[in-house]
Protein chains: 2
Amino acid sequence: MADDKKLTTRAEDFSAWYNEVVLRSELADYSPVKGSMVIRPNGYGIWERMQRALDDMFKASGHVNAYFPLFIPQSFIAKEAKHIEGFAPELAIVTHGGGKELEEPLVVRPTSETIIYHMYAKWVQSYRDLPILINQWANVVRWEMRTRLFLRTLEFLWQEGHTAHATHDEAEAEALTILGIYRKFAEEWMAMPVLTGLKSDSERFAGALRTYSIEAMMQDHKALQAGTSHNLGQNFAKAFDLKFQTEKGEEAFAWNTSWGVSTRMVGGLVMTHGDDNGIVTPPRLAPIEVVIVPIWKTNDERPAMVEAAMQLKAELTDWNGRGASDKLRVHVDAREGIRSGAKYYEWELRGVPLRLELGPKDLEKQSVFSARRDTRAKAAIPRAGAPVAVAALLETIQHDMLAAAKARREAATVRGVQSYDEFKEIMAGSGGFVYAGWNGDPAVEARVKAETKATIRLIPDAEFRSATAPTRCLVTGEPAKHEVVWAKAY
Amino acid sequence: MADDKKLTTRAEDFSAWYNEVVLRSELADYSPVKGSMVIRPNGYGIWERMQRALDDMFKASGHVNAYFPLFIPQSFIAKEAKHIEGFAPELAIVTHGGGKELEEPLVVRPTSETIIYHMYAKWVQSYRDLPILINQWANVVRWEMRTRLFLRTLEFLWQEGHTAHATHDEAEAEALTILGIYRKFAEEWMAMPVLTGLKSDSERFAGALRTYSIEAMMQDHKALQAGTSHNLGQNFAKAFDLKFQTEKGEEAFAWNTSWGVSTRMVGGLVMTHGDDNGIVTPPRLAPIEVVIVPIWKTNDERPAMVEAAMQLKAELTDWNGRGASDKLRVHVDAREGIRSGAKYYEWELRGVPLRLELGPKDLEKQSVFSARRDTRAKAAIPRAGAPVAVAALLETIQHDMLAAAKARREAATVRGVQSYDEFKEIMAGSGGFVYAGWNGDPAVEARVKAETKATIRLIPDAEFRSATAPTRCLVTGEPAKHEVVWAKAY
């Protein structure tokens with residue numbers, strides 16, 4: 001934290017700002033293995049809270065956790081044709097183990113469909129064994145050439161759900177249930193608004209029937225795919241002979257889904273809420289929600305002020321108003337030899353949602369001075385009943401952060417574009433989400449991508465569609481098959 | 001669960017019993033990669049509860065979590081001489097990534113000292129940056145030739161703590177604090193009594209100054225090392241140039257500790273408590289503490305009995321007597337077409353600590369019939385106030401399981417052995433922990449191991465030493481340097 005040099009601003013260079021803010025708020029660091037990152041305690045604390053929130057939602061909807069091996073026989077990856085096509089260029093291969101060359105090289109999992117459906121085939125005999133609703137929290141490896149901290153790394157942490165069902169419709173319902181959980185998590189926990197919808201064929205997961213995703217808009221007007229949920233159909237069941245006996249005694253292939261979100265979301269959080277002073281963490285995901293900074297002028301004043309700060313902390317953390325399992329997370333910064341201003345700077349950089357300052361005058365006035373991280377608004381809070389006021393303020397911050405992010409997304413959204421030329425201008429300029437008609441032809445998608453770098457983020461769900469659906473394909477003028485959302489993306 | 005064949009008994013073949021019970025209670029399964037296992041939801045549920053309990057204790061003692069890369073440059077492993085010597089034969093090596101041969105092969109971490117201390121060297125400048133108290137939950141790979149489910153697998157899950165301190169004494173205190181946490185966890189959560197103490201030089205971690213461990217006694221009278229805590233001295237700090245400026249402005253190497261427990265503990269739990277009917281899970285680690293089996297004779301009776309069971313479940317899970325974050329974990333088995341006896345058999349196999357049976361007669365008598373998994377004792381519980389009675393019974397089970405395991409360990413412990421011949425007889429026969437004097441010579445250790453397969457498990461802490469310390473080395477008759485505990489071990 002010794003580095004007091006000002007951050008590059010977002011306006012100057014968003015990409016440089018992002019790297020600096022991630023490094024200087026100590027969310028992560030580069031590692032000696034190119035493309036691999038170290039997630040430092042500040043970043044991991046956010047990830048842990050993300051995990052807990054998602055895991056609770058998965059369990060509440062009937063899922064259980066398990067763990068499958070890191071290494072997958074190379075031959076497994078090749079069993080599903082589209083799957084190998086999609087992942088072959090990104091694989092890390094173990095060729096030696098225990099001092100010997102292996103007979104069959106092992107792949108370090110880029111995702112676990114193949115090994116998991118191999119196991120399910122062993123476990124499932126009858127319709128009574130279905131559904132299987134398993135999730136795993138794991139690390140995966142994809143050999144990426146151009147990496148960015150959190151957003152695209154050689155190794156990343158994620159959860160991958162893998163389910164097996166008796167019918168197509170059950171699998172489809174599962175994929176959509178999970179999409180709903182991802183959306184709820186993004187909005188209610190990350191305060192990050194998302195669009196939901198279906199991927200076009202070219203952006204579909206390698207081996208899936210249909211891929212759904214949540215898509216968020218970053219402050220540089222580039223989209224971030226923050227989570228995907230796939231209806232895999234029977235593709236993997238056929239490749240791995242995952243069959244079951246139906247109630248009628250017939251033999252049938254199971255229907256699968258898979259779905260995942262990763263540490264990429266930490267990057268999404270930074271790019272959704274961060275400002276030129278550092279990251280801004282939504283209270284529900286903040287390892288520290290409130291930092292109390294006792295203020296003293298002379299050394300004589302210090303003991304009393306530190307004690308007052310500790311008393312305030314005790315009162316806040318003892319408070320039970322959010323339930324015993326959700327106590328306020330409070331830290332007192334009583335360090336000596338560091339100016340208060342430097343402390344403020346540091347906690348702002350680290351994104352703590354609420355700062356409370358407690359000086360001799362506040363003590364006298366029986367109040368506490370509060371500073372919000374999101375709006376930087378400052379106000380005195382009466383000392384009596386502080387826990388209730390602080391908890392309410394944190395809720396307001398959580399709420400306001402979502403509203404602000406939603407407003408930014410709307411400001412970065414264009415509907416009713418009249419021509420492909422206008423579209424190209426937007427993509428060359430301000431960017432953002434652009435809604436337009438599309439004839440459904442992958443060739444059009446490829447052309448737009450080549451010419452503007454924009455891709456179809458999704459075919460939006462009903463709720464996100466324009467009031468009046470576009471009737472023509474923006475590029476060809478042919479009848480539109482879908483309204484789609486275009487953007488340049490991470 | 002379709003397999004109704006009787007389990008091999010522990011007396012017939014303990015090793016076969018262990019494998020069968022792990023597979024049939026669906027804790028784990030073999031994977032297509034030799035030596036790697038799949039941890040199934042029943043086993044992972046226990047591991048999750050282990051993680052939560054340990055993680056809470058780590059955090060309460062000031063530790064935070066982080067995540068370091070899976071891949072380590074091969075050159076790193078070689079930097080600490082003893083470390084490479086210890087781990088070289090067990091490494092898995094990635095030679096290809098993204099379709100190309102790598103310039104420097106990458107090692108899949110067998111443990112993370114090297115990469116972590118490399119990072120600490122980057123992060124630490126001054127004594128103000130110390131201590132660093134970081135833990136990570138991760139998978140590691142060691143190329144094992146002879147594997148056993150949970151006990152020794154090619155890949156396993158664990159936590160590894162890595163700390164850096166300004167002085168030897170602080171590092172030593174940290175290593176002992178963690179040893180205490182491991183002991184507390186083993187006793188209070190796993191109901192598995194352990195000895196604590198120091199490892200002899202030959203059993204020390206590759207690169208450590210001192211290794212402490214907790215050692216448990218399994219029902220086949222073989223010992224299990226269930227956790228280790230290492231004072232690494234300055235060995236890794238010197239290898240990775242982890243220096244800091246002291247308060248006096250001098251440059252000094254940091255002092256490190258590392259410590260870990262793994263999924264091996266699930267195997268320890270099985271071998272400590274399991275019986276010829278299946279596994280027995282201590283209530284505090286059981287994903288399901290109570291299974292309620294409604295009983296009906298005719299289909300007409302079923303709805304009322306299922307409803308009564310659901311009501312009982314609701315009452316149990318609503319009860320708040322253990323605090324909001326520790327609700328009773330209850331499952332109702334209302335499956336049709338399966339006899340009650342088959343259900344009992346299945347839940348016993350899976351080790352659920354308490355079964356409640358609820359039939360029309362129980363309803364009439366306003367009572368519930370209970371069956372403990374540990375002692376198989378059965379008793380009626382009054383229906384009114386069931387939650388308090390059930391919670392008390394679970395506490396009794398937890399307590400009794402530890403007491404029973406302690407009694408088994410004591411029965412498998414021999415002190416006051418008179419001669420090396422007697423020692424050899426014991427090791428060839430009943431086995432167990434044997435306390436004896438040792439002259440401190442590694443050659444004696446090596447000889448005993450070669451002749452009896454027994455090793456020095458530890459030099460016990462004061463609390464575990466014999467009232468009268470042996471004065472002579474059991475093997476050579478020379479003056480004893482330490483009292484040590486011998487056993488054959490997993």
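Predicted model: local features only at pLDDT ≥ 70, side-chain atom pairs only at ≥ 80, totals over all residues.
Chain B is superposed on chain A by a rotation of 180° with 0.0 Å of shift along the axis, at an RMSD of 0.0 Å. This is the relation of a two-fold axis. Among the residues of chain B, B:Val94 comes closest to the rotation axis, with its C-alpha at 2.1 Å.

The contact itself draws 46 residues from chain A and 46 residues from chain B. On the side of chain B that touches chain A, the most is given by strand S5 (residues 92-97) of chain B, which supplies six residues. Sorted by class, that side of chain B holds 28 nonpolar, 13 polar and five charged residues. Strand S5 also provides a link between the chains through strand pairing. Strand S5 (residues 92-97) of chain A is joined to S5(B) by five bridges, and the two strands run antiparallel. Within this pair, A:Gly97 is found opposite B:Ala92 of S5(B).

Attention now moves to a sheet within chain B. Here five strands make up an open sheet with mixed pairing, in the order S16-S15-S17-S18-S19. The edges are taken by strand S16 (330-332) and strand S19 (378-382) of chain B; each has a single partner strand, so one side of each is left without a neighbour in the sheet. From one strand to the next, the twist averages 25°. At the S19 end, strand S18 (residues 367-372) of chain B is joined to S19(B) by five bridges, and these two strands run antiparallel.

Helix H9 (residues 302-318) of chain B packs on it and touches strand S15 (290-294), S16, strand S17 (354-358) and S18 of chain B, with a direction that makes about 160° with that of S15(B). Helix H12 (residues 386-411) of chain B lies across S15, S17, S18 and S19 of chain B, and runs at about 145° to S17(B).

The axes of helix H2 (residues 41-60) and helix H8 (residues 264-273) of chain B come within 10 Å and cross at roughly 110°. Angles of 65 to 115 degrees count as roughly perpendicular, and H2(B) and H8(B) therefore fall into that class. The residues that meet are B:Gly43, B:Ile46, B:Trp47 and B:Met50 from H2(B), and B:Met265, B:Val266 and B:Leu269 from H8(B). By class, this contact has six nonpolar residues, one polar residue and no charged residues.

B:Ile295 is in the loop between S15 and H9 of chain B. With 18 other C-beta atoms within 10 Å, B:Ile295 is partly exposed. Leaving aside residues up to four places away in sequence, B:Ile295 touches B:Met305, B:Ser340, B:Glu357, B:Leu358 and B:Gly359. The C-alpha atoms of B:Ile295 and B:Arg472 are separated by 64 Å, and these residues lie 177 residues apart along the chain.

B:Gln366 sits in the loop between helix H11 (360-364) and S18 of chain B, and its phi is near 50°, a positive value in a residue other than glycine. B:Gln366 counts as exposed, having 10 C-beta neighbours inside 10 Å. B:Arg376 belongs to the loop between S18 and S19 of chain B. Although B:Arg376 is not a glycine, its phi is positive, at about 60°. With 12 other C-beta atoms within 10 Å, B:Arg376 is exposed, as the cut-off for that class is 12 or fewer.

A:Pro131 is located in the loop between helix H5 (113-123) and strand S7 (132-141) of chain A. In chain B, the peptide bond from B:Leu130 to B:Pro131 is cis, with omega near -5°, and B:Pro131 lies in the loop between helix H5 (113-123) and strand S7 (132-141) of chain B.

Key. Residues numbered from 1 in each chain as written. Chains lettered and ligands numbered in written order. Contact = placed C-beta atoms within 7 Å. Helix = DSSP H or I, 4+ residues; strand = E, 2+ residues; numbered from the N terminus. Nonpolar A, V, L, I, M, F, W, Y, C, P; charged D, E, K, R; others polar. Pairing = 2+ DSSP bridges. Axes fitted to C-alpha atoms, helices over the stretch in contact; angles between N-to-C directions. Parallel < 35°, antiparallel > 145°, perpendicular 65-115°, else oblique. Least-squares fit on C-alpha atoms with pLDDT ≥ 70 in both. Buried ≥ 20, exposed ≤ 12 C-beta atoms within 10 Å, placed from the backbone.
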